[in-house]
Amino acid sequence: MKNFFLNVLATVVGILVFLLLIGFFGVMSIVGMVASSDATTKVKDNSVLVLKMDGSLEERAEDNIMSQLSGVVGQTIGLEETLNAIKKAKENDNVKGIYIEGGMFSGIPASTQELRDALVDFKKSGKWIVAYADQYSQSSYYVASVADKIWLNPQGMVDWHGLASQPYYLKDLLEKFGVKVQLAKVGAYKSAPETYTSDHMSEPNREQITAYITGIWDTMLNDVSASRKISKETLNTLADGMVMLADQQDYVKNKLVDKLLYSEEVKGEVKKLLGIDEDKDINQINVEQMQNVKENRKGDKIAVYYAYGSIVDDRGTGSLGSTDHLIVGKEVSKDLEELASDDKVKAVVLRVNSGGGSAYASEQIWHAMMNLKAKKPVVVSMGGMAASGGYYISCPANWIVAEPTTITGSIGIFGMFPDFSGLLTQKLGVKFDEVKTNKNAGFGTLARPFNEEEMAYLNAYIDRGYKLFRQRVADGRKQSTEAIEEIAQGHVWLGKDALGIKLVDQLGNIDDAVKKAAELAKLDKYFTSSYPGEADFFDQIMDSMSDTGGNYLDAQMRATLGDFYEPFVLLKNINNQNAIQARLPFYLNIR
């Protein structure tokens, strides 16, 4: 018996030692990966920068180690990182060209335009760009069209179909469960609540959607036409004719691509451009490696602060999913206060990509922006969207720069109040009674919808919020409230149209915004530093153990449900958002 217990004890100790060793080596491996990712990269002579256009384009990549370890699918392409890589490649003599590998790439139009413009700028160096794909999505083809040569697999496909927007409406679905949404809003063009309160598109919303998707498509036509030497009329004809299902030889005849090649033949073409023998390997460098190429950081610091995603009061409320990036009012306000007090930061560029969200959080960030502006120049760089709450937080800036296809404006707010009384009383059979001391003591009860008097109070409250928003814009843009009212009412504008009505000061990209910030701060030599800093490995581990760390099942669900993810999560979170919103439609549906 004694030997039996000794053997059991030895086995248990052995297992524990084994697990400890496995854990130790696992942690050391991860630490090693993190350390290697921070190591300085030296670019080999005769190298090619490889851009893989397959995945979703976001403002920043923000690779999450826990997401990777848990096997979450889906690839994010960081716009910040990709633009930085292209800029470094242009300036590095060892990089001879860029190879774009197209695929199922998607992104907000203004973001893809900014990426494409960076490639146009790269070509000014005299270096080449080539592109190849088994299949080009419309967005990846738009980006790749800047290339000197576009190649396609002999059995490949080019998707070129135009743009469409198909908003969805949940009113009838909610009514099946006895749920209605009571609405208070200001602005005929404020269309976001229609998702819950209507079963079709309102005429004002149809008008503005038609205007902005037509404007975006016209920009895409102009860009592709100039690069590929194809008339806009021909490009429209190809889109109307379902060219994505055409014979591959037709792509060549219509000049959409230059040649049909298999992947190994593409390698041969790239080797010719590099002037190396067939048996030599191609020196490749990717976007991630390019981040670690040493750069000159002399002069004064300009902070570039990234604010993108839904605007919320607190983390974990009001987002589509727990893995979505958020603009958290309290956190951003604190960060801006720190930048204001940092004497090393001479100017700030606020990079905004948001359709808005909580009106309260937007006001708090506006206040922090005003305090920041009082101490140093602030320039806003608008990305894909800077509308509603996104415009609210932008309007105090000294200068606003937008892409031509940035979606902006939407000056207006609304309040949505779910009425669950039908679900509780009619569907579930719940009964209510009441005793109260004052006339409106039962305000907000689940037993019934708001009455006429209560809705009047709510409408007055929303109207005050709208007037405050409008005044903030008028003060920031140095215009009268009457002038702002003419372009407000929730109306959505493209950046190129917003320039004419003085909602923005300049059309351009983030580099243009940085240059303007340097000019306003009177800086001769400067460098940029990105904020907020990304969470390190250990912070991510701690976040994953807390309620605010996110749920990796959401990312898996997003990849599985695709276009149906947003309406599903909207229903899931209908009662978990700030009731007073300054935002665009929850999901900007442009296909």
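In the predicted model, residue D281 is placed in the loop that connects helix α11 (263-274) to strand β8 (283-286). The relative accessible area of D281 is 69%, and D281 is therefore classed as exposed, the cut-off for this class being over 50%.

A surface patch of another kind is nonpolar and covers about 360 Å². Its members are L428, V430, F432 and L446. Of these residues, L428 is situated in the loop between α16 (421-427) and α17 (452-477). L428 has a relative accessible area of 56% and is thus exposed.

A contrasting case is provided by Q138, which lies in helix α5 (residues 138-144). Q138 counts as buried because its relative accessibility is 6%, and the limit for burial is under 20%. The C-alpha atom of Q138 is separated by 8.0 Å from that of F105, although the two residues are 33 positions apart along the chain.

Helix α20 spans residues 510-520. Within α20, the buried residues are I510, A513, V514, K516, A517 and A518. An α-helix has 3.6 residues a turn, so residues three or four places apart point the same way. After α20 comes K522, which has a positive phi, near 60 degrees.

How values were computed: Residues numbered from 1 in each chain as written. Predicted model: local features only at pLDDT ≥ 70, side-chain atom pairs only at ≥ 80, totals over all residues. Heavy atoms only, no water. Buried < 20%, exposed > 50% of the residue type's maximum accessible area, 1.4 Å probe, protein only. Helix = DSSP H or I, 4+ residues; strand = E, 2+ residues; numbered from the N terminus. Patch = residues over 30% accessible without salt bridge, like charges linked within 9 Å, V, L, I, M, F, W, Y side chains within 5 Å. Areas by Shrake-Rupley, 256 points an atom, 1.4 Å probe, with all protein chains shown as cover. Salt bridge = Lys/Arg side-chain N within 4 Å of Asp/Glu carboxyl O.
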